[in-house]
Amino acid sequence: MREDFLLLNPGPVPVTREVRQAMSEPMVSHRSAAFEAVYERAQDALDYVFTESTLDGTTTATDGTSLIFNGTATMAMEAAVANLVGDGGDVVALVNGKFGRRFKRIADRYAAVDAVEATWGQSLDLDAVEDAVGDDTDVVTMVHNETSTGLLNPVERVGEIAAEHDARFVVDGVTSIGGDEFRIDDWNVDVAVTDAQKCLAAPPGTSAMYATADAQEAFDGDAAPFYEDLDWHLRKAESHQTPFTSAVPLFRGLAVAAEDIVEEGMAERIERHRRQSAAFREAFTAMGLELFAERNAATEYSNTLTGVSLPADVREDPDAFFDAVEARGVSISGGQAHLGGEIFRVSNMGGLSAEQILRGVRTIGEAFEDVGADVDKEAGVAAARDRLR
Ligand code: PLP
């Protein structure tokens with residue numbers, strides 16, 4: 001693998017040398033004081049990320065707890081649902097992309113699910129959400145930043161609807177938390193989950209959750225899978241441990257990565273992610289390409305992931321385009337599920353520099369030229385440079 005290989009796929013994202021070094025330190029027991037110190041550092045930094053992901057520097061949640069899990073965010077999503085409705089109940093699941101669908105599939109295993117669906121990439125109908133959520137609803141699940149399409153969903157508005165009916169609101173902030181604004185109390189979020197290898201820029205394999213005091217009250221760990229009993233996780237977290245063997249090197253990497261976020265400061269970090277995603281969007285539209293997601297008054301383009309429709313001629317042989325990108329030492333992603341061969345996706349999550357964003361734009365432009373697509377690479381590079389200046 002070349003040293004300068006650049007990951008612009010939506011996770012795992014590049015990790016720093018310090019994160020890599022932390023992962024290679026000598027092993028310690030997960031029941032040692034040395035490990036507890038690592039968990040505590042990661043937890044303190046994650047408390048900051050979960051509760052101060054605001055542009056104005058305000059704190060948006062105060063009474064909850066950050067937990068860290070062995071296992072990626074899909075497990076954290078399941079843990080949230082199973083601990084809230086593991087014995088059955090009514091869930092309203094919002095679906096306008098692959099990860100919204102994943103939340104619905106998880107909920108299907110535990111509860112009666114009413115799905116509010118929109119075509120992937122399009123905005124959810126908030127009137128339909130209002131109709132679906134009622135006083136019998138126990139849980140509403142929603143994805144904030146839909147990584148499969150590049151649309152930022154209206155968590156604040158849905159949180160109001162959930163709160164009106166006293167339903168618990170469980171939000172997948174996997175590709176927003178640590179890179180974009182996320183206001184737990186202001187948006188009536190009860191449980192928020194994120195993944196290590198996305199905006200946190202840590203190695204893949206762990207995930208994190210913020211559970212408010214209300215949510216903790218509502219958890220029924222006995223109803224959840226044994227490994228995901230959140231009452232147990234919360235008890236062990238008091239002494240900075242996990243119930244079962246912790247993935248020690250991954251926790252070490254996570255602690256360093258999360259502390260880097262504290263050092264950068266969330267407001268700065270959010271501004272940087274917004275600038276970089278705008279650079280991608282402006283670059284690709286200047287090239288003559290079309291963004292895939294369709295916004296409406298309630299939604300925004302993602303600030304961490306850009307989804308772009310492939311031109312018709314490239315769709316005839318999308319692999320040639322993706323191979324040309326990879327041959328230049330850059331990794332991007334194609335569309336997921338039925339969007340395979342229809343779109344490409346680039347991430348600006350984590351700690352990328354302006355130069356890396358520009359390299360991504362230039363590489364994608366060159367790859368389009370390689371396959372004979374009619375794109376204006378130079379206009380794209382100029383637009384990105386203007387935005388990043
Ligand atoms: N939710 C969203 C929005 C995601 O983008 C992802 C990963 O891409 C996940 C959840 C969880 O995926 P995993 O458990 O495979 O890390």
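Between domain 1 and domain 2, about 2,800 Å² is buried, and carbon and sulfur atoms give 57% of that area. Buried area here is the accessible area, taken with a 1.4 Å probe, that two parts lose on being put together, summed over both. On the domain 1 side, M266, R269 and Q336 lose the most area to domain 2, together 23% of what that side buries.

This is a predicted model, in which local features need pLDDT of at least 70 and side-chain atom pairs count only at pLDDT 80 or more, while totals for chains, interfaces and linings use all residues. Residues are numbered from 1 along each chain as its sequence is written, and side-chain values use heavy atoms, with hydrogens and water left out.

Where are the domains? Domain 1 covers 6–11 + 266–388, and domain 2 covers 17–264; the bounds come from an automatic or database domain assignment. Their C-alpha centres lie 27 Å apart. The contact, meaning heavy atoms within 4.5 Å, takes 34 residues from domain 1 and 36 residues from domain 2.

Polar side-chain atoms lie 2.5 Å from a ligand oxygen atom for T74, 2.6 Å for T147 and 3.2 Å for R102. Taken alone, the ligand exposes 390 Å², and the protein buries 86% of that, by the Shrake-Rupley method with a 1.4 Å probe.

Notes
Polar contact = N/O pair within 3.5 Å; in protein donor to acceptor, adjacent residues only side chain to side chain.
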